[in-house]
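This report walks through one chain, from overall make-up to single residues. Have the sequence and the coordinates open side by side.

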Amino acid sequence: MNDNRPPGGSGPYRGPPTQRRDKRERQRDREATTPAPSGPRPSAPRPAFRPESAEAATPRGPREQRLYGLNACLAMFARRPGDLRKVWLLESRIHRLKDVLAYCVQNRIGYTVVGDEDLQKLAASSHHEGVVFGAMPAPELSLSSWLRDLPPGPQVALWLDGVGNPHNLGAILRSAAHFGVAGLLLPRESSLALSGAAARVAEGGAEVVPMVRLGRADNSLAQLTSAGFVAAATVVRGGEPLHAAALPQRLLLVMGAEQSGVDPLLADAATLRLAIPGTGAVESLNVASATSVFLAEWWRQQRA
């Protein structure tokens with residue numbers, strides 16, 4: 001019986017001599033006649049990591065924010081026009097913003113004349129005052145870089161402990177700019193940051209006062225003390241009356257949230273405890289109002 005094997009009866013079965021073998025059969029024949037390599041079979045190289053998108057591979061930078069309010073927008077443009085990205089305005093504001101619009105034309109920055117309803121949507125507020133900017137936020141400084149560039153002599157800084165309301169932040173920034181505050185210090189865990197609402201209430205003060213993001217509270221306090229600052233915790237009860245205290249040339253005012261006040265551990269670490277005397281008809285002043293009183297007294301003693 002012919003089994004279609006080659007002479008000698010060795011080798012793989014190849015089917016009837018007249019049948020044409022397909023590609024898969026020819027590949028099996030080659031594998032059967034090729035000696036297996038000695039040693040472990042090398043594994044296929046692992047593919048190089050490919051991010052899902054370019055966005056995933058690129059660190060996220062600061063997001064463009066909406067600023068509104070005439071003085072807030074003009075102050076931003078005066079100090080950092082390079083951060084301007086877009087302008088929306090009422091027709092009635094064209095004359096007041098003619099320098100801004102000329103800059104936009106020169107630098108190919110888009111601007112659009114819109115209605116009041118559109119501005120309210122863009123600002124998420126009815127207090128837009130006829131203009132909204134799309135702009136990159138001013139960068140926050142580290143404590144070390146801020147201290148490195150701080151001039152010698154009398155200085156006052158504000159440490160906001162637990163303050164979270166953007167309108168309070170704006171009012172504090174306005175007073176801080178008026179009384180020459182060198183920096184607004186924010187704890188690292190604080191979610192407080194400059195917003196459109198805060199910038200509007202600040203009336204341009206947000207562009208004058210640097211925002212400084214702190215590290216660990218104990219390390220930050222040690223750095224400030226080494227730079228000559230004397231920490232004063234502001235308290236409702238048990239503090240030295242403000243107008244009877246001799247305030248230091250380099251003062252660090254620690255302002256607490258209205259409900260909880262300054263953290264007890266931070267207050268204990270401060271050299272001074274200061275209070276604003278009054279009638280007692282209300283428990284305390286709003287944190288922004290209290291900040292103005294403290295800053296005015298420091299200004300009177302050191303700058304007036």
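Buried means under 20% relative accessible area, exposed means over 50%, and partly exposed lies in between. Glu 207 has 14% relative accessibility, so Glu 207 counts as buried. The model discussed here is predicted.

**Overall picture**

The protein chain holds eleven helices and twelve strands. Of its 304 residues, 39% are buried. The accessible surface comes to about 18,300 Å². Carbon and sulfur atoms supply 52% of that surface. Among contacts in the protein chain with a separation of 6 or more, 76% join residues 24 or more positions apart.

Confidence comes next. The average pLDDT of the protein chain is 86. A score of at least 70 is reached by 80% of the residues. Two stretches need care. Over residues 1–19, pLDDT stays under 50. For that stretch the model has eight contacts beyond four places in sequence. Over residues 42–59, pLDDT again stays under 50. Here the model has two contacts beyond four places in sequence.

**Salt bridges**

How many salt bridges does a search of the whole structure find? The search finds nine. Side chains of opposite charge can pair when their charged atoms come close.

| Arg 80 | Glu 207 | 2.8 Å |

Take Arg 80 and Glu 207, whose side chains meet in a salt bridge at 2.8 Å. This pair links distant parts of the chain, 127 residues apart. Arg 80 lies in the loop between helix H3 (70–79) and E2. Glu 207 lies in the loop between helix H8 (196–202) and strand E8 (211–213). Is Arg 80 buried or exposed? Arg 80 has a relative accessible area of 12%, so Arg 80 is buried. Glu 207, at 14%, is buried as well. A network of salt bridges links Arg 80, Asp 83 and Glu 207.

Arg 148 has 62% relative accessible area, so Arg 148 is exposed. Asp 149 is exposed at 57% relative accessibility.

**Cysteines**

A disulfide is a covalent bond between the sulfur atoms of two cysteines. The cut-off used here is a sulfur pair within 2.5 Å. By that rule the count is zero disulfides. Cys 73 is buried, at 0% relative accessible area. Cys 104 is buried too, at 1%.

**A nonpolar surface patch**

Which residues form a nonpolar patch on the surface? They are Ile 94, Val 105, Tyr 111 and Val 113. Together these residues have about 330 Å² of accessible area. Ile 94 sits in the loop between strand E2 (84–89) and helix H4 (98–106). At 33% relative accessibility, Ile 94 is partly exposed.

Most residues other than glycine have a negative phi. Ala 124 has a positive phi, near 55 degrees. Ala 124 lies in the loop between H5 and strand E4 (131–135). Its relative accessible area is 70%, so Ala 124 is exposed. Glu 129 has a positive phi near 60 degrees. Glu 129 is also in the loop between H5 and E4. At 29% relative accessibility, Glu 129 is partly exposed.

**Ala 288 in H11**

Ala 288 belongs to helix H11 (residues 287–302). Its relative accessibility is 7%, so Ala 288 counts as buried. What does Ala 288 touch, not counting residues up to four places away in sequence? Ala 288 touches Asn 168, Ala 171 and Ile 172. Met 255 is 33 residues from Ala 288 in sequence. In space, the C-alpha atoms of Ala 288 and Met 255 are 9.2 Å apart.

Key. Residues are numbered from 1 along each chain as its sequence is written. Side-chain values use heavy atoms; hydrogens and water are left out. Buried means under 20% relative accessible area, exposed over 50%, partly exposed in between (1.4 Å probe, protein chains only). Patches are made of residues with over 30% relative accessible area and no salt bridge: like charges are joined within 9 Å, nonpolar side chains (Val, Leu, Ile, Met, Phe, Trp, Tyr) within 5 Å. Accessible areas come from the Shrake-Rupley method with a 1.4 Å probe; for residues, only the protein chains shown count as cover. A salt bridge is a side-chain nitrogen of Lys or Arg within 4 Å of a carboxyl oxygen of Asp or Glu. Helices (H or I, at least four residues) and strands (E, at least two) are DSSP runs, numbered from the N terminus. pLDDT is the predictor's confidence in each residue, from 0 to 100. Contact means heavy atoms within 4.5 Å.
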